[in-house]
Amino acid sequence: MTMNRFMKKLFSMFLALALIVGYTAAYPLPADAAASGQSLGPVTSKDVIYQILTDRFYDGDPANNIPPGTPPELFNDDNGDGRGDGTDLNKYQGGDWKGMQEKIPYLKNMGITAVWISAPYENRENLITGMYASYHGYHARNYFATNPHFGKMQDFTALVDALHDNGIKVVIDFVTNHSGPRPDGDGVLYEPDRDSSGQYVFDPDGNPIDYNGDGKVENRIADILNDTNGFFHHEGNRPDSDTSQFGYRHKELASLADYSQENGVVIEHLEKAGKFWKAKGIDGFRHDATLHMNPAFVKGFKDAIDSAPGGPVTHFGEFFIGRPDPKYDEYRTFPDRTGVNNLDFEYYNANRQALGEFSRSMSDFGQMLVQTSADYMAENQAVTFIDNHDVSRFRYIQPNDKPYHASLAVLLTSRGIPNLYYGTEQYLNPDHGGSDAGRLFLQTAAPRP
């Protein structure tokens with residue numbers, strides 16, 4: 001059989017299997033509910049992950065759209081009705097944890113078994129260059145307090161428990177490479193008040209309190225403009241022309257204050273933060289910007305999390321590469337060296353090229369699957385995707401339904417852990433329609449969220 005005929009047969013098998021996947025998603029088998037507060041365990045190749053940018057999913061609690069003490073200009077409400085308008089996507093739009101919890105039936109009806117949600121902790125609370133809010137969660141300010149735009153700690157734990165009760169695992173985005181933008185002087189970190197034994201103090205729901213009576217619930221512990229403890233690298237922003245390993249690991253990504261991951265003080269703080277969120281019952285971490293981090297730090301962080309009470313959880317990260325890419329060998333061996341699996345950029349690039357751009361053939365896609373099965377330590381633990389928040393949407397590259405659905409069919413039926421990304425439109429209030437990749441393909445019977 002020729003390679004061309006083989007690939008056609010393989011593709012037909014993908015489409016046939018996709019019908020089975022679509023049926024199963026529309027009429028999912030019952031899942032055993034987990035006990036409240038307990039992890040369901042690591043994500044496996046039997047799972048389907050649904051990536052949710054929390055702020056852009058569903059507004060379940062308009063009261064937190066402009067949390068007390070936060071600048072109102074962070075929120076996009078041009079018409080004054082208290083909900084996100086979608087007219088300025090650089091600002092918060094209102095999605096929150098209560099909204100996500102409200103839409104659990106929507107997730108279940110699609111057959112989703114895991115969600116990857118935005119970083120849950122507090123981010124910077126001012127506009128970057130007067131324009132951009134940190135709705136995405138990548139500008140850490142305090143790892144031990146919730147992002148108030150998403151809810152309080154009791155809202156987060158209620159969401160985790162509700163998802164677990166419905167057999168859905170929870171992976172949180174987590175950033176250990178940097179804090180906020182240095183040019184704005186916002187490379188700062190805070191922590192809660194401590195008691196006499198040095199332990200952080202929280203109220204019964206897990207929210208920081210003013211324990212020392214100074215009128216604040218936080219204390220500054222790191223400042224890139226007054227970096228007495230060497231918390232940050234001070235190598236400046238990495239230009240695109242600098243492709244050195246040193247540049248990626250020590251210089252700033254998009255002028256974001258870069259942590260010195262060789263510093264024991266930094267390691268201790270970040271590992272403590274990871275353990276803090278693991279203790280909330282989550283099932284895993286998606287590590288941001290692993291390309292830019294010291295692999296020794298990543299391995300130590302992963303091992304510290306997994307050795308904490310509750311046992312091992314899922315770890316995968318964003319080692320961003322193109323195709324072809326001179327960093328491929330470093331990328332493919334990263335999971336071997338750190339224990340943190342990759343978001344499968346090699347898969348993403350090959351799928352986009354063959355089924356989105358038509359710049360390469362299906363034979364090339366098949367050869368990628370063969371090659372990566374030899375190159376990857378655990379190819380079925382790589383998290384596959386056709387688009388996400390860091391790349392162009394597949395629909396932007398290829399607006400036609402048939403190749404789009406074919407790409408989704410391949411995603412859902414080939415090796416690895418498939419990750420679907422929410423939204424070709426944002427969906428924030430009951431009067432604003434929305435759509436998403438999984439629903440467009442799987443054609444479930446449930447109403448839109």
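**Reading a predicted model: exposure, backbone, sheet and helices**

Q: Is F358 buried or exposed?
A: F358 is exposed, since its relative accessible area is 55%, and a residue counts as exposed when that value is over 50%. The model is a predicted one. F358 sits in the loop between α9 (345–356) and α10 (362–375).

Q: What is the phi of A254, and where does A254 lie?
A: A254 likewise is not a glycine, and its phi is positive at about 55 degrees. A254 belongs to the loop between α5 (245–250) and β9 (256–258). With a relative accessibility of 58%, A254 counts as exposed.

Q: Which residues does a cis peptide bond join?
A: The cis peptide bond links R323 and P324, with omega at about 0 degrees. P324 is located in the loop between β11 and α8 (328–338).

Q: In what order do the strands of the open sheet stand?
A: In general, strands of a sheet pair through backbone hydrogen bonds, either parallel or antiparallel. In this structure, 8 strands make up an open sheet with parallel pairing, ordered β12-β11-β10-β5-β2-β1-β14-β13. The edges are held by β12 (341–342) and β13 (383–385); each has a single partner strand, so one side of each lacks a neighbour in the sheet.

Q: How many bridges join strand β5 to β10?
A: Strand β5 (residues 169–174) and β10 run parallel and are joined by 4 bridges. Within that pairing, V171 is placed opposite G284 in β10. β10 also pairs with strand β11 (residues 314–317), again in the parallel sense and over 4 bridges. There, G284 stands opposite T314, and R286 has F316 as its bridge partner.

Q: Which residues are buried on the faces of strand β10?
A: Strand β10 (residues 284–287) is covered on both faces. G284 and R286 point to one side, F285 and H287 to the other, and all of them are buried.

Q: At what angle do helix α6 and helix α7 pack?
A: Helix α6 (residues 264–278) packs against helix α7 (residues 295–307) at about 40 degrees, and their axes are 9 Å apart. The two helices are therefore oblique to each other, because an angle counts as roughly parallel when it is under 35 degrees. The crossing of α6 past α7 is right-handed.

Q: Which residues in α6 meet which residues in α7?
A: From α6, the contact involves I267, L270, E271, G274, K275 and K278; from α7, F297, G300, F301, A304, I305 and D306.

Q: Where does A308 lie, and which residues is A308 in contact with?
A: A308 is found in the loop between α7 and β11. Its relative accessible area is 12%, so A308 is buried. Apart from neighbours within four places in sequence, A308 is in contact with K275 and K278, two residues that also take part in the α6 side of the helix contact. A308 and A279 are 29 residues apart in sequence, while their C-alpha atoms are 8.6 Å apart in space.

Key
Residues numbered from 1 in each chain as written. Predicted model: local features only at pLDDT ≥ 70, side-chain atom pairs only at ≥ 80, totals over all residues. Heavy atoms only, no water. Axes fitted to C-alpha atoms, helices over the stretch in contact; angles between N-to-C directions. Parallel < 35°, antiparallel > 145°, perpendicular 65-115°, else oblique. Left-handed = near helix turned anticlockwise from the far one by under 90°. Contact = heavy atoms within 4.5 Å. Buried < 20%, exposed > 50% of the residue type's maximum accessible area, 1.4 Å probe, protein only. Pairing = 2+ DSSP bridges.
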